[in-house]
Amino acid sequence: MTTLHEPVVTTTPADLSVWPASTTEPRPGDLAVGGVPLAEVADRFGTPVYVLDENEVRERCRTYRHAFPDAEVLYAAKAFLCRAMVHWTEEEGLGLDVCSAGELELAVTTGFPPERIVLHGNAKSPRDLETALRLGVGRIVIDSPSEIARLAAAVGPDGHQKVMVRVVPGISAGGHEKIRTGTDDQKFGLSIADGYAQHAIARILDQPQLELTGLHCHLGSQITSVKPYLAAVRRMVGLMARLHEQHGLVLPELDLGGGHGIAYRPGEAALDLTALARKVRAELSDACAAAGLPVPRLIIEPGRAVVGPAGIAVYRVLAVKKTGDHTFVAVDGGMSDNPRPALYGVRYAPRLIGRASTAPAAPVTVVGRHCEAGDVLAADVELPSDLRPGDLLAVPVAGAYQLSMASGYNLVGRPPVTAVRDGHARLLVRRESLDDIRRRDVGL
C-alpha cells in the first residue's frame, strides 16, 4: 500500500479528460489513480488487472442523486457487479436493476435491501422468478405475455408481487445497432404499435396477486442525445393516458431505463446529465398535464455511466511486431477480458504508463493474445514508437461491460479487480486461476 506525497506534474486537460478525476502524473509517464501508481498496481497484482476508483464510482452515484432528486435511481448491475460495488451503491442511496438470479443473490447476500431491487430479463428462467419471489424483490419487469401466467402461478392466489411492463416505444437510439433496444425488431419488451403491450397490461389487471405499478422502457445504450428520451416520455405518457381511458388506471411509476452515453476517447460526446434531468422533468410534467394525469415517479437505470469511467484496464506488452505497413503490439489480455471491440467495434485510447518516453508517436494496433484475428483491443492508435515487451499499457473507461462479459476463451483465466482510494489499493475480485478451471472440469 502506498500514499503519495510527491509533487504532481501538470498535464493538459485533454490528456486525462476520459480518466477518473483523481488521475495525476506524479512522475513523467507514471499515472496514478486514487493516489496509487498504476504501475505499482500491476506489479503487485499482476496483469491484466482492472482498477476501479472507488471515489469516482461514489461521486457518479451522487451526481445522479443530485440531478434526479425526486426520481428513483437504480444502478444497472449488468454493467459490472461485485460485492464492493453492491456496497458502494447501497451506501450512496441507489437501488439495483438485476437481470438474473445470480446478480440478485449476490446483491441480497451482500446485504442489499431486496425491496430496492428490480428484476429484468426478456427470458426469465423458473429459477430467476423463484429466487426473486423467495428473496422478496421489489418489482419484476414483465417482458412477454407468457411471463404473466407463470409469475401469477408462482406467486399463488394469496401472494402479492409488484410488477412493471416493458414497453417498446418504437424509438431508435444507441451507439451501435446491437445495443438499440427501443424498436420493434429486437427481442425486448412488448410493442405499443401492434397492441401487444396493451393486451399484456389487460391480462395483468385480471391477476389480483400482481400489482401493476408502472411502465418501463429502455431505448438502447451509449445514447448521447436528450431527444430520444423526450420522445419516449411522450409515447409512454400517451399509453398511460389510453390505459386511464380504458381501465381507469393511474400508474404511479414510469421507468425510462438507462443507456446514458459516455466518452471513451478525448473529444467524444457524452450525454449531458443535467440537461437530461431538466428536460425530461419538464417534458413529463407537460405531457401529464395535457393528458390530465398526475406526474408519475420517474425511475432511471444508469450502469455504464456510473462505473465505466471509474475503471482502468492495465496490460503488459508481450510482443511488438511489424507486418508490412502495420505495427502490432500484443498484450497479455484481449477478447477474453474485453470482447467489446470485437462485438461492437468500440475504440479505446490506451496509454503507455510506468516510464517516460521521448520517442515520437506512431500508429499501432493493440491486439490480444487469443487465437482470433478479431482479437483487437485498439486499432490504429498513436503510441510511442519505442514500445517494447515488458511495457505497461493502461486503457481508461474500462469499468463497464468488460469483466462482466469476460469469457473462458483459451483458458487464460479472468483478471482480478482492484479498488484504489486515498493512496491505497485492495483486491475486490481475485484472479481466476488454472486451479479454478480444473475444479469445474469434473469428468473424464
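Which residues does Val165 touch, not counting residues up to four places away in sequence? The first legend gives the answer.

The model is predicted: local features need pLDDT of at least 70 and side-chain atom pairs count only at pLDDT 80 or more, whereas totals for chains, interfaces and linings use all residues. Residues are numbered from 1 along each chain as its sequence is written, and side-chain values use heavy atoms, with hydrogens and water left out.

View 1. Val165 is found in strand S9, residues 161–168; helices (H or I, at least four residues) and strands (E, at least two) are DSSP runs, numbered from the N terminus. Val165 touches Val141, Ile142, Leu190, Ile201, Ile204, Leu212, Gly214, Leu215 and His216, not counting residues up to four places away in sequence; contact means heavy atoms within 4.5 Å. Because its relative accessibility is 0%, Val165 counts as buried (buried is under 20% relative accessible area, exposed over 50%, partly exposed in between, with a 1.4 Å probe and protein chains only). Between the C-alpha atoms of Val165 and Leu256, 91 residues apart along the chain, the separation is 12 Å.

**View 2. Glu147 in helix H6.** Helix H6 (residues 145–155) contains Glu147, which counts as buried at 3% relative accessibility. The side chains of Glu147 and Lys124 are joined by a polar contact of 2.9 Å. A polar contact is a pair of N or O atoms within 3.5 Å; within protein, one must be able to donate a hydrogen and the other to accept it, and residues adjacent in sequence count only if both atoms are side-chain atoms. Among the residues that Glu147 touches are Gly121, Asn122, Ala123, Val141 and Ile142. Its C-alpha atom is separated by 9.7 Å from that of Ser125, 22 residues apart along the chain.

**View 3. Asp97 in strand S6.** Asp97 lies in strand S6, residues 95–98, and counts as buried because its relative accessibility is 1%. Its side chain makes a polar contact of 3.4 Å with the side chain of His120. The residues touched by Asp97 include Leu74, Tyr75, Ala76, Ala77, Lys78, Val118 and Glu301.

View 4. Helix H2 (residues 54–67) has 14 residues and reaches 20 Å from its first C-alpha to its last, close to the 20 Å expected; the expected span is 1.5 Å times one less than the number of residues. At the start of H2, a side-chain oxygen of Asp53 comes to within 3.1 Å of the backbone nitrogen of Asn55. Buried residues of H2 include Val57, Cys61, Tyr64 and Ala67. In helix H3 (residues 83–91), the buried residues are Ala84, Met85, Val86, Trp88 and Thr89.

**View 5. Cys217 and Cys288.** The structure holds 0 disulfides, a disulfide being a pair of cysteine sulfur atoms within 2.5 Å. For Cys217, the nearest cysteine sulfur is that of Cys288, 13 Å away. Cys217 is buried, with a relative accessible area of 0%, and Cys288 counts as buried at 1% relative accessibility.

**View 6. The largest cavity.** The structure holds 5 cavities of 30 Å³ or more. On a 1 Å grid over the protein atoms alone, a cavity is a set of points where a 1.4 Å probe fits but cannot get out, and lining residues have an atom within 4 Å of a point. About 100 Å³ of space lies in the largest cavity. Of its 14 lining residues, His218, Gly259, Glu301, Gly303 and Tyr401 are the closest to its centre.

Methods: On a 1 Å grid over the protein atoms alone, a cavity is a set of points where a 1.4 Å probe fits but cannot get out, and a pocket is an open set with protein on both sides within 12 Å along at least five of seven lines; lining residues have an atom within 4 Å of a point. Grid points are joined across faces, edges and corners, and a volume is the space filled by probe spheres set on the points.
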